[in-house]
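Work through the exercises below with the sequence and the coordinates open beside you.

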Amino acid sequence: MSPEVEVKNLSKVFGKRKVLDDISFELERGGFLSLFGPNGAGKTTLIKIISTLIAPSSGEVRLSGMDPTKNSAAIRAKIGLISHSPLLYLDLSAEENLHFYGAMYGVENVDARIDELLDQVELGHRRYDLVRTFSKGMTQRLAIARALLHKPSVLFLDEPHTGLDPHAVDILESLIDSIRKNHTFIMITHNIDRGISLCSKAMILYNGQIVFYQDKNELDIDKFKSIYHQRVRGDS
Amino acid sequence: MSGGRQIGAIVKKDIIAELRTKEMVVSMFLFVLLIMVAFHYGFGTTTDFSPFAGGLIWIAFLFTSLLGLNRSFVHEKDEGCLEGLLLSPVDRPNIFFGKMIGNFIFLTIVEIIAVPLYLVMLNLSIRGSVPMFILAIVLSNIGICVVGTLLSTISINTKMRDMLLPLIYLPISSPILICAVTSTNGIMGGVTGEKFAPVISAMKILAAYDIMFLLVAYALYDFVIGE
């Protein structure tokens with residue numbers, strides 16, 4: 001079976017700065033990659049390249065066997081992103097935001113799908129309210145609904161727990177649990193316990209290079225923590 | 001996936017947001033009203049404005065359009081919405097057409113209110129064909145919104161976007177300004193016969209300019225809105 005996400009010798013240069021340097025990894029369908037690293041390590045750039053938002057300087061990326069340079073729209077239809085930015089319009093209601101993204105993704109039976117998702121994120125009672133009036137946790141719960149609206153097969157989670165209250169964290173994690181079997185995840189996080197407990201593979205990026213990459217069932221947690229503390233926290 | 005549905009959704013979303021905030025149309029209208037008042041009192045209440053009526057109208061509308069164009073991508077940048085839009089499988093030119101149609105609607109609404117006020121405040125009249133006058137305005141608006149939407153997309157990712165847009169937009173839109181002034185001046189002055197030929201030529205150039213920049217935007221928008 002071909003991997004769901006395949007990255008080969010990927011590099012990205014912004015001006016004179018090499019943000020990603022010869023990155024290679026594979027993630028099987030249903031896999032969960034937890035991606036750790038300090039700010040500026042290239043984690044978000046890596047996700048942006050895989051999700052076709054920016055082009056690599058060199059190397060190859062395949063998602064479901066498709067090349068982003070030739071099948072970018074088909075790839076984007078298969079991915080969802082939950083990040084610390086909600087990607088929602090503040091002057092539209094929750095329902096209007098989901099209708100808008102439903103039209104962008106060509107979601108069929110969009111009304112039923114919106115009802116289902118708003119119930120899951122416990123925002124059915126606020127569906128007609130402007131996002132501007134939502135708390136941070138509610139906005140992030142709606143962002144989760146937006147990301148899942150088109151039933152993506154690959155989900156990118158870019159520090160999804162940032163700013164969430166415990167209730168919103170519970171909702172996010174129960175949603176992840178409920179779709180875990182059928183989806184592939186790549187999650188950027190600084191929370192070691194949460195990242196390790198969810199993942200099937202763990203990776204540490206540092207200065208655009210992979211300094212640690214292991215399957216969870218082979219994971220040497222002491223080595224992981226040692227590298228993490230050295231590179232991410234700067235401990236000697 | 002229907003491109004028309006995507007374009008329609010972008011236009012609808014912009015209109016709903018504008019109906020709620022009213023920040024674009026109201027600021028554009030107040031600006032155009034201020035220019036009218038400045039012309040009215042600046043040139044004296046007895047001045048005959050008819051020889052340069054087209055120039056006055058288009059100076060006001062061109063600068064007014066800048067206010068709207070500068071705002072048109074601000075909602076998209078808020079909370080990373082542009083990234084959300086780019087992550088969806090929408091063809092990039094559909095984003096352009098959606099935003100361009102929204103800008104066209106807002107500018108046209110302001111003009112529908114401003115033109116009659118202009119005629120009254122500056123004691124002007126349309127001596128020629130009103131449908132031709134409307135056609136000249138529509139062709140000019142299309143040009144303004146096509147060029148403006150394309151350039152505001154470029155400027156939105158820069159730190160000095162409020163300053164950059166006028167710097168690149170005004171020189172590139174100068175052919176629109178020249179043709180719009182020529183055509184509306186001729187129509188408002190009621191010229192006929194041989195004197196009407198420059199009006200027709202100006203409108204043909206406007207139409208050609210609109211088509212040319214629509215094609216340029218269609219071909220380049222993927223690159224423009226990308227990295």
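The exercises that follow treat the interface first, then strand pairing, and then the annotated spans.

The model is predicted, so that local features need pLDDT of at least 70 and side-chain atom pairs count only at pLDDT 80 or more, while totals for chains, interfaces and linings use all residues. Residues are numbered from 1 along each chain as its sequence is written, chains are lettered from A and ligands numbered from 1 in the order in which they are written, and side-chain values use heavy atoms, with hydrogens and water left out.

**Exercise 1.** Describe the contact between chain A and chain B by its residues, its area and its polar pairs.

*Solution.* Begin with the residues in contact (heavy atoms within 4.5 Å): chain A contributes 31 residues and chain B contributes 26 residues. Next take the buried area, which is the accessible area (1.4 Å probe) that two parts lose on being put together, summed over both; for chain A and chain B this is about 2500 Å², and carbon and sulfur atoms give 65% of that area.

Then turn to the salt bridges, each a side-chain nitrogen of Lys or Arg within 4 Å of a carboxyl oxygen of Asp or Glu. There are two between chain A and chain B, and the side chains of K48(A) and E83(B) form a salt bridge with an N to O distance of 3.6 Å.

**Exercise 2.** Identify the elements of chain A that supply the side touching chain B, and classify the residues of that side.

*Solution.* Elements are DSSP runs numbered from the N terminus, with helices (H or I) of at least four residues and strands (E) of at least two. At least two residues each come from strand 1 (5-14), helix 2 (72-78), strand 5 (79-83) and helix 3 (94-105) of chain A, and helix 3 of chain A gives the most, with seven residues.

**Exercise 3.** Trace the pairing of strand 1 of chain A with strand 2 and strand 4 of chain A.

*Solution.* Two strands pair if DSSP finds at least two bridges between them. Strand 1 of chain A runs antiparallel to strand 2 (residues 17-27) of chain A, joined by seven bridges, and V13(A) has K18(A) as its bridge partner in strand 2. These two strands of chain A form a hairpin with two residues between them, where G15(A) in the turn has a positive phi of about 60°. Strand 1 of chain A also pairs with strand 4 (residues 58-63) of chain A in the antiparallel sense over five bridges, with V61(A) in strand 4 as the bridge partner of V7(A).

**Exercise 4.** Relate the UniProt annotations to the computed secondary structure.

*Solution.* UniProt positions are given in the numbering used here, feature names are shortened, and annotations may be inferred rather than shown by experiment. For chain A, an unreviewed UniProt entry places "domain: ABC transporter" at residues 5-232, a span that is 36% helix and 26% strand. For chain B, an unreviewed UniProt entry lists "transmembrane region" spans that include residues 24-43 and 104-126. Residues 24-43 of chain B are 95% helix and 0% strand, with end C-alpha atoms 29 Å apart, whereas residues 104-126 of chain B are 78% helix and 0% strand, with end C-alpha atoms 23 Å apart.

Terms used. Polar contact = N/O pair within 3.5 Å; in protein donor to acceptor, adjacent residues only side chain to side chain. Nonpolar A, V, L, I, M, F, W, Y, C, P; charged D, E, K, R; others polar.
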